[in-house]
Amino acid sequence: MVKKEEKKIVLTKPLSLEGESNSDTTYTAPNLLQRILSLFKNVRPGSDLTRFELPPLFNLPKSQLQCYGESVYCTGLNMLSMCNKGQSPEERFIYVVAWCISTTRPATFGVAPFNPILGETHHVSKGNLNVLLEQVSHHPPVTALHATDEKENIEMIWSQQPVPKFNGTSVEAKVHGKRKLKLVNHGETYEMNCPHLLFKILPIPGVNWVGNVNIRCLETGLVAELSYRSSHSFLGLGGNHKVIKGKIFHSSSLKVLYEVDGHWDSTVKLKDTNNGSVRVIYDAKQVISGLKAPTVKDAKSVWPTESAYVWGETSQEIMNKNWEKAREAKQVVEEEQRKLLRERESKQESWNPKHFTVAYSKEEGWDCSPIHKWVSNAPIIAQ
């Protein structure tokens, strides 16, 4: 077993708005499109890419767990506190819609995060918000998230299962699962899903969030329907690919109370259908601009399962653009997992998550429930 102090703990900048200097998370390989076409030349359209192994050349220097976590703890504004401070159910719901939009982060064409190993964790604190993620299944890949803020009395529980499929000229990663946000002081629970990620290879390479997001407050009956889409363009040329449109209504009357319109990478506006007034409810520059990498406060307390530790060597070599060493480091991680699997199978042992109880049904999908009421303070601190 490799001692923890002999390995690197590597944390990189979160994905931020395009045009910002972010050299440690953005890499453009020479002849990138040709490399991608070569990568998929033997893959049939319709194929599930869940088990598809990417060479480090196509990896971000971070795990998928970190990407999920960053969308919660890497923000320029404390939007969760704003949700809690809303004076009425409608006002809180509007802030929750804005917060939901804030979890949409820019992606980079041609690169993807590491597939987390079984039992991998990511544990980060920002202020009073403590965030914990665990990879509770490897095949299929399922991630559980639990975040709590004891001061605000807020709890968040996510279950995420990405299912990437190759469609011939594109790859679409559908994200199955539920996201729950609980404002305990108000006795309100909000359920929502998230958009899908679409990588277009031909005719014009690009990456975009697409699909419909539904947000529902179980107690008040308020519902939001949001659509992530592209504006009209000719053969993929021109147009804007980060459009978001939607509406907020009450489930009992179906009367539209507000209309949502804008771009998730700039501003999103809300129009009151009663009086026609318009206001900005989300400004991406305030929320996902100028974000900094988390820092290690206490290296000795970092768990061996921490993403930044598990993939530390691989991430460092990717950032150094030393692809052969990155490949070797990634193989060490993956071979260790195969060894552990063989040992469990020989002993007829099953693996169980450490921080969540997990259930699955065809009707409801994956349900991940945290074992502990509160997430503890983390040795990694978000800026």
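Which charged end sits over the ring of W158, and how far from its centre? I looked, and R179 has its charged end there, 3.7 Å from the ring centre. I count a charge as over a ring if NZ of Lys or CZ of Arg is within 6 Å of the ring centre and within 35 degrees of the ring normal.

Ground rules for my entries. This is a predicted model, with local features needing pLDDT of at least 70, side-chain atom pairs counted only at pLDDT 80 or more, and totals for chains, interfaces and linings using all residues. Residues are numbered from 1 along each chain as its sequence is written, and side-chain values use heavy atoms, leaving out hydrogens and water.

Next I looked up aromatic pairs. I found 3 in the structure. Rings of Phe, Tyr and Trp (its six-membered ring) pair if their centres lie within 6.5 Å; planes under 30 degrees apart are stacked, over 60 edge-to-face, the rest tilted.

F114 and W311 are stacked, because their ring planes meet at 15 degrees, with centres 4.5 Å apart.

Buried means under 20% relative accessible area, exposed over 50%, partly exposed in between (1.4 Å probe, protein chains only).

Y360 and W366 have ring centres 5.0 Å apart and planes at 45 degrees, so I logged the pair as tilted. Y360 is exposed at 51%. W366 is partly exposed at 21%.
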